[in-house]
There are 2 protein chains.
Amino acid sequence: MDRFVSLQRKIAPEIARLLDIRYSILRHVHFYQPIGRRTLSQQLTVKERAVRSELEFLRRQGFVSVSSSGVTLTQDGEVIFQELGQYVRELREFARLEQLLERLLPIRKIVVVAGDSRRDPAVKKDMGRAVVRILREIVEDGDIIAAGGGTTMVEVAKAIVPSGWPKHITVVPTRGSLGEEVEIQADSIAVEMAKLLGGTYRVLNVPDDLHPETISRIINEPRIKEILELIKTARIVIHGVGTLEEMVKRRNIPREEMETLESLGAVAEMFGYYFDKDGNMVYYTPSMGIRPEDLQGKKTISVAGGANKAQALLAVVKRYSREALVIDEAAALKIMEIEDRGKEKWQ
Amino acid sequence: MDRFVSLQRKIAPEIARLLDIRYSILRHVHFYQPIGRRTLSQQLTVKERAVRSELEFLRRQGFVSVSSSGVTLTQDGEVIFQELGQYVRELREFARLEQLLERLLPIRKIVVVAGDSRRDPAVKKDMGRAVVRILREIVEDGDIIAAGGGTTMVEVAKAIVPSGWPKHITVVPTRGSLGEEVEIQADSIAVEMAKLLGGTYRVLNVPDDLHPETISRIINEPRIKEILELIKTARIVIHGVGTLEEMVKRRNIPREEMETLESLGAVAEMFGYYFDKDGNMVYYTPSMGIRPEDLQGKKTISVAGGANKAQALLAVVKRYSREALVIDEAAALKIMEIEDRGKEKWQ
DNA sequence: TTATGCCGGGACAAATGGCGTCCCATAGGA
DNA sequence: TCCTATGGGACGCCATTTGTCCCGGCATAA
């Protein structure tokens with residue numbers, strides 16, 4: 001049944017809208033019957049005519065009865081309402097989650113993908129696809145896209161179907177590499193994405209965990225300088241978010257640096273910058289590439305999965321508004337949990 | 001899972017159409033890839049633009065890839081195609097059955113209801129609802145409806161939701177009663193229906209298994225005569241179909257009459273007329289009411305469930321065209337079986 | 001009894017978006 | 001090299017949906 005629902009969400013997502021309104025009408029009628037068409041429309045904030053059309057449908061199906069005193073559920077209607085309950089919960093849970101989160105965070109569009117990416121690798125693929133779907137909606141001819149690194153971003157790149165993309169897209173990395181494995185470096189991912197998008201790429205090809213002096217010298221190299229300029233002008237940014245533990249494991253971070261980070265309360269990493277749980281930038285590794293403040297004015301798509309990323313996401317995401325956020329169910333639930341707790345404390 | 005599908009069919013029937021076209025595109029692409037939009041459109045007999053819209057959707061979802069050589073399934077597309085297969089089979093099986101039967105029989109609209117009404121009484125209720133749904137579509141202000149008797153017709157009456165019906169409907173029985181139990185007599189059902197439809201009724205209130213002479217006298221009674229006239233002018237007829245065994249069990253049919261019927265090859269009964277399996281009328285009990293030939297020019301809805309009714313349905317239904325036929329799954333499958341066998345013999 | 005307010009349903013103009021149908025540049029195969 | 005089938009753009013049309021009225025009915029309160 002679970003497979004069924006997800007299958008349906010993929011192949012016929014428009015039914016969600018349909019079910020939503022029909023179910024909410026049934027529910028409302030169930031609780032407030034007999035109730036008039038107009039009252040229904042007001043309380044559901046659905047246009048009168050739409051309510052009317054749906055009522056007509058429901059009446060045809062024999063689920064509601066319409067009399068001069070208002071709309072009532074028939075026996076069939078009561079049954080279908082009960083049955084539909086669990087179904088809609090399944091099918092619409094994410095949509096509700098997404099709506100709640102969108103109200104909570106400064107993000108235009110939030111997509112919640114079923115499952116937990118830490119338990120099922122396929123979930124990351126789904127997240128990748130979700131990102132690509134969003135990218136398809138916003139990308140335009142001649143765009144410059146800055147892509148970050150990380151295992152999730154690898155799946156984003158893989159999820160690109162090379163067909164029907166605008167022309168003259170340039171993909172650049174968000175920053176240099178940080179001593180990670182080649183496959184998950186921003187550079188590699190930018191190359192991969194550019195190929196699949198049918199566009200061009202420019203990469204730094206330089207590690208940026210060098211000595212600060214070396215870095216400032218490299219930055220002035222004409223080729224590097226030009227690319228860094230390009231990165232700054234990117235209209236679209238796609239990036240993952242890291243937790244402290246992850247970064248420590250993945251990168252060659254010296255012991256004392258790690259201790260510093262911990263003492264500063266760092267919980268999230270983005271572009272080599274570290275943030276505490278309130279979103280304050282507490283540390284950064286000297287590097288070249290995008291800075292968090294550069295995100296302003298860009299369309300930013302953030303992506304991360306797993307309950308452990310929830311705290312990091314909140315830290316990183318609250319400061320700057322974003323175009324879209326793609327997370328998995330585990331992360332979404334965790335975020336809701338944290339935020340709810342926060343609210344209780346606050347009240 | 002089964003409940004799921006039937007739930008969906010009830011609450012959002014429009015998705016069937018959607019799934020149908022999307023699935024058939026996926027299937028066609030799967031087998032003929034790469035294939036062009038136009039070829040696809042021609043071979044599926046779907047308008048070019050519709051194919052295009054769906055392809056666009058499928059591309060957005062990442063299921064197909066579109067290149068200059070045509071449309072191809074992506075890996076995701078192949079997976080979804082496989083998964084969708086069994087789902088669509090479930091969801092659309094009846095639709096396919098219905099289409100096949102509609103091509104086979106002279107009936108405008110055939111509705112197949114899930115299940116076997118002989119095993120699960122709830123199925124009969126579903127059939128009743130289906131009949132009512134059809135009735136809603138065709139009934140008009142001032143109509144005269146002739147309703148037959150039988151247990152299935154009882155469910156039809158019960159399924160009527162008294163709301164939103166046209167005005168000035170008159171319900172009459174198809175014929176007098178035949179010594180059956182009161183509840184399943186055409187008279188009682190006409191009364192029940194009329195009440196729920198918010199209309200009026202006229203009933204015969206006379207058993208018609210009387211001596212032929214008595215009958216011909218009664219027919220000339222002014223009140224009876226008038227009602228019989230009314231019955232003849234009915235625009236809509238709703239009736240069940242009986243098998244020989246059923247009739248023998250239900251009515252007080254004398255032994256010798258039954259033997260006559262058997263020897264004549266009677267397998268079906270309608271309005272007190274008996275038919276052999278090729279649809280020839282072989283016998284009739286003297287009675288008053290509708291005759292089979294009166295059906296011409298009327299909108300007739302026939303309803304029957306159970307595999308045992310298949311033969312009777314075929315006999316009764318083939319001779320005169322009908323507006324609609326409502327059967328259960330068991331009857332539908334049996335009909336297909338009989339017809340297929342017939343075809344093989346014929347070829 | 002009468003007045004009032006909410007009820008459903010009919011009606012209809014406006015708008016939306018899907019649909020049908022072209023054309024065109026192009027790429028890949030003959 | 002040409003030709004055919006490809007996708008995609010464009011555009012006008014039409015059907016359906018949508019937004020808004022209004023009307024008559026019915027129930028309830030005065």
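Predicted model: local features only at pLDDT ≥ 70, side-chain atom pairs only at ≥ 80, totals over all residues.
Mentor: Local features need pLDDT of at least 70 and side-chain atom pairs pLDDT 80 or more, while totals for chains, interfaces and linings use all residues. Residues count from 1 along each chain as written, chains are lettered from A and ligands numbered from 1 in the order written, and side-chain values use heavy atoms, without hydrogens and water.

Trainee: Why is β5(A) said to pair with strand β4 (residues 144-147) of chain A?

Mentor: Pairing takes at least two DSSP bridges between two strands. β4(A) and β5(A) have 4, in the parallel sense, so they count as paired. A:I145 sits opposite A:V171 of β5(A).

Trainee: Which way do the side chains of β5(A) point?

Mentor: A:T170 and A:V172 point one way, A:V171 and A:P173 the other. In a regular strand, side chains alternate between the two faces of the sheet. All four are buried (under 20% relative accessible area, 1.4 Å probe, protein chains only).

Trainee: How do you know that A:R59 makes a polar contact with DNA strand C?

Mentor: A polar contact is a pair of N or O atoms within 3.5 Å. B:E48 reaches a base nitrogen at 3.4 Å, and B:R49 a base oxygen at 3.4 Å.

Key: Buried < 20%, exposed > 50% of the residue type's maximum accessible area, 1.4 Å probe, protein only. Helix = DSSP H or I, 4+ residues; strand = E, 2+ residues; numbered from the N terminus. Polar contact = N/O pair within 3.5 Å; in protein donor to acceptor, adjacent residues only side chain to side chain.
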